[in-house]
Amino acid sequence: MNRMRSLAGLCLLAFLAAVPAFAQSDAKQKEPQKPALTGSAAILEQWNDIGRKLIDMAQDLPQDRYDYKPNPASRSFVEQLLHVSASMYFFTDLAEGKKARYGDDPKRDELKTKEQVAAFVKKAVQDGADEIKAKGDAGMKGSLNAGGPRLTEVADLAYGLIEHSGEHYGQLVVYYRINGMVPPESRPKK
């Protein structure tokens, strides 16, 4: 019983210690918080957030580092970008009721320059965002055949591709760090 009181007391102390931090953060807010995003708006925000990070990297990394790979069995930086961008079309194409356009990653010889790659990444993100907007809340609740044992909700497919994109973003961050560089998202904000 005394142990439970001690534990409860520690929890209370931890909570009370955190209250000033909450109060300070509330005091810093000058305008009321916006309501939580729901449905397609929440998905769109997450899609665009990871997309922005990938676009920033595609535009930022020097072209002479585009073909860097940490070991021979790994994808290069540019191959990672092409893979993650092409896979975004797995969402877009299926959500439009089409067959996925990329059975494999686009070939590097099809997108030779940094500008071409960055434009491809940007277009893949934008096309997905446009499809999410077009579907809206009702459309994102629909189902489609994504090749699994059961139908997939359109929203779940979008979230799956957002997660996939985030995983590859993490790999690209490591590529930056291995090369002694700071990824755009980790740089101090001006």
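**Exercise 1. Work out how the length of helix H2 compares with the span expected for it.**

Solution. Start with the count: H2 has 22 residues. Next, take the distance from its first C-alpha to its last, which is 32 Å in this predicted model.

**Exercise 2. Find which residues of H2 are buried, and what covers them.**

Solution. The buried list includes Ser40, Ala42, Ile43 and Leu44, then Trp47, Ile50 and Gly51. Further along come Lys53, Leu54, Ile55, Met57 and Ala58. Now look for the cover: H3, H4 (114–140) and H5 (154–178) are among what lies over these residues.

**Exercise 3. Describe how H2 packs with H3: what angle, which hand and which residues?**

Solution. Two packed helices are described by the angle between their axes and the distance between the axes. For H2 (residues 39–60) and H3 (residues 77–95), the axes come within 11 Å and cross at roughly 150°. Angles over 145 degrees count as roughly antiparallel, so that's what H2 and H3 are. The crossing is left-handed. On the H2 side, Trp47, Leu54, Met57 and Ala58 make the contact; H3 brings Phe77, Leu81, Val84, Met88 and Phe91. Sort those contact residues and you get nine nonpolar, no polar and no charged.

Methods:
Residues are numbered from 1 along each chain as its sequence is written. This is a predicted model: local features need pLDDT of at least 70, side-chain atom pairs count only at pLDDT 80 or more; totals for chains, interfaces and linings use all residues. Side-chain values use heavy atoms; hydrogens and water are left out. Axes are lines fitted to C-alpha atoms, for helices over the stretch in contact, and angles run from 0 to 180 degrees between N-to-C directions. Helices (H or I, at least four residues) and strands (E, at least two) are DSSP runs, numbered from the N terminus. Angles under 35 degrees count as roughly parallel, over 145 as roughly antiparallel, 65 to 115 as roughly perpendicular and the rest as oblique. A crossing is left-handed if the near helix is turned anticlockwise from the far one by less than a right angle, and right-handed if clockwise. Contact means heavy atoms within 4.5 Å. Ala, Val, Leu, Ile, Met, Phe, Trp, Tyr, Cys and Pro count as nonpolar, Asp, Glu, Lys and Arg as charged, and the others, Gly among them, as polar. The expected span of a helix is 1.5 Å times one less than its number of residues. Buried means under 20% relative accessible area, exposed over 50%, partly exposed in between (1.4 Å probe, protein chains only).
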